[in-house]
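Let's walk through this model together, starting with the whole chain and ending at a single residue. Keep the 3D view open as you read.

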Amino acid sequence: MMTFEIKHRDAMGRIGILNINGKKIETPTIMPVIHPNPKKQIVSMDLINKLADVIITNSYITYRTKHLREIAEEKGIHKLIGFDKVIVTDSGSFQLGVYGDVDVQPLEIVEFQERIGVDVGTILDIPTPPDVDRERAEKELEETLKRAKASIELKKEKGFKLLLNGTVQGSTYLDLRQKSAKEMAKLGFDIYPIGAVVPLMEQYRYRDVAEIIINSKMYLPTNKPVHLFGCGHPMFFALAVALGCDLFDSAAYALYAKDDRYLTERGTLHLEEIKDLKAFPCSCPVCSSYTPKELASLNKKDRERLLAEHNLYVTFEEINRIKQAIRDGSLWELVEERCRCHPKLLEGYRVVRKYMDYIEKFDPITKKSAFFYSGIESMYRPEVLRHKKRLKRIKYEKVYITTVSSSVEKPYHENLNVVETDVDILIKDPVFGFIPYYIDTIYPLSQHEIPELFDYEKEINKKFVDEFINWLKKKVGEDNILDIMTYNYYINYFSATKKINADALRIRKMLQYQYGFDIIDDELMDKIKVVRSKTTGRLRQVLDENGDILFSVRSNDNLLIPSEKGAKLLWKKIPFPRYRVVVNKEAEEFAREGRNVFAKFVIDCDEELRPYEEVLVVNENDELLAYGTTILNGIELREFNYGLAVKVRGGINEHQ
């Protein structure tokens, strides 16, 4: 039995709890490759047990080695390995790729994996190498799909307990990778490895690997983990996680040690390159106990073991660093830092730009960390793309376009001498295109740090600026748009413009930007009031004419968080199914009581929802039951059948 629940997320990366046969694994994580023969294992199982919740070993080697097979069949794979947590096994596909043949039948190895008590087994897929002719790639993919179907049927027919990996193949043909993912998804595997990428990584073809990951991921179910087979170097983990990979396996820690190579999160060093250093650039137990010179002077066996231990520590350290970045909302910054470790890695990251429309669907709308610009690649992040799309949600009537000195601190409306009017002031920004004056506190418009950009970086925005202004002209008419050179000119020229309830207008525009609908109409504009913080003077609450709270303004991102009355207003103003999560009858009473909504009760939703948006929980008749924050996006809400879907803030009693 397996369940998978998302706990935290950033980009397409996710911290999840993977429960396999009652054993919990926090993803993303690394599975150290363990040789089934204990005598050939370079690192002690005591250390493996200390660091890992899941390991991978080879069922084919176990099957073909008489004494290992006897022990495994008598006592089980866990006793053979000396590991009582989750064990995943490969099926011989690696040997098939290396030697061209294996002495076992596809269903025979699946049965063997079940017999020895494997937690997650693997079908005997065909790992087609890169760049083979298309005819071969198609033929081998068809054979893999045939074996996959037969393996699933065998599992169902005999009631096997083991979970099965359904490996995505297709060589370097992206359409074949898509086909493989679609067909594997239909068969209902438990975990989806992406296979045959090791040769590409060995050749530093990270661009190809990135494209294979995303073209596979787009057609795989979102509620199942994705395993990047053979990815063991820590400098690639951050990008792979950002593209949605949950599991990795690594023999690199041992293979590099045999070659006297020292892993770092930024690359690999040979011991000869660092033996004259005074100290290692690491504080793991190995590097804290030996100087480079001392380690280099040890005999081959001891040196190899200690290097392997260091390599393993560094590997897990990078995984932990990535998890913290996901929690902080700074995964993109870590990816951009890591991708500057090698030009080919940067090339791999840059190709991701082509797929950012899809990636944006999974990227949270708000994050704990501010947006930090770290290079031209930051221009294409989901936060920027989303903002440029949502600019068109705002209802414009008369527009002044201007610039602000880089010395003016954000948010702009607090640091400019402004005569607030009903005119929309659009402040030019080199990354975000335009920052509307009345929404300049919403994440990430004031929660970002951007250095002075070079001219070639500024040019990237020019196309968007021109297109948006043309769109504006069609919406409000060219006569209602005035492009002002500097903000000071605006102050002098328009100081006599009609004054309005600036706070009410700000709330109206913020709601338009956040939800895409005009929640505060002209009638309500004259009735709403605001409460400001006594300490900072910033907006904190929106009240109706009776003094009841409609919305709270969250301090870290300035999103408008509805109260019960606010939720009812949103439900009235926003048409079905927008911003809705629809639950079945079984969940209605619990939702009304203010209890969280779990994925298994969701039967429909707004497919355009993004993670961490404020949503309305309704039944099939669109009766408002509750309101809260969705953890999942519109795709995931329809696919997940386990875990938290909506963190409910309050329920709606049907008698109120």
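The chain holds 27 helices and 29 strands, where helices (H or I, at least four residues) and strands (E, at least two) are DSSP runs, numbered from the N terminus. Bear in mind that this is a predicted model: local features need pLDDT of at least 70, side-chain atom pairs count only at pLDDT 80 or more, and totals for chains, interfaces and linings use all residues. Residues are numbered from 1 along each chain as its sequence is written, and side-chain values use heavy atoms, with hydrogens and water left out.

How do the overall dimensions look? Along the principal axes, the C-alpha atoms fill a box of roughly 90 × 65 × 50 Å. Of the 656 residues, 59% are buried (under 20% relative accessible area, with a 1.4 Å probe and protein chains only).

Now zoom in on D424, which you will find in strand β16 (residues 424-429). Is D424 buried or exposed? With a relative accessible area of 5%, D424 is buried. Its side chain joins that of K509 in a polar contact of 3.2 Å (a pair of N or O atoms within 3.5 Å; within protein, one must be able to donate a hydrogen and the other to accept it, and residues adjacent in sequence count only if both atoms are side-chain atoms). Setting aside neighbours within four places in sequence, D424 also touches residues including I394, Y396, V399 and Y400.

Terms used:
Buried means under 20% relative accessible area, exposed over 50%, partly exposed in between (1.4 Å probe, protein chains only). Contact means heavy atoms within 4.5 Å.
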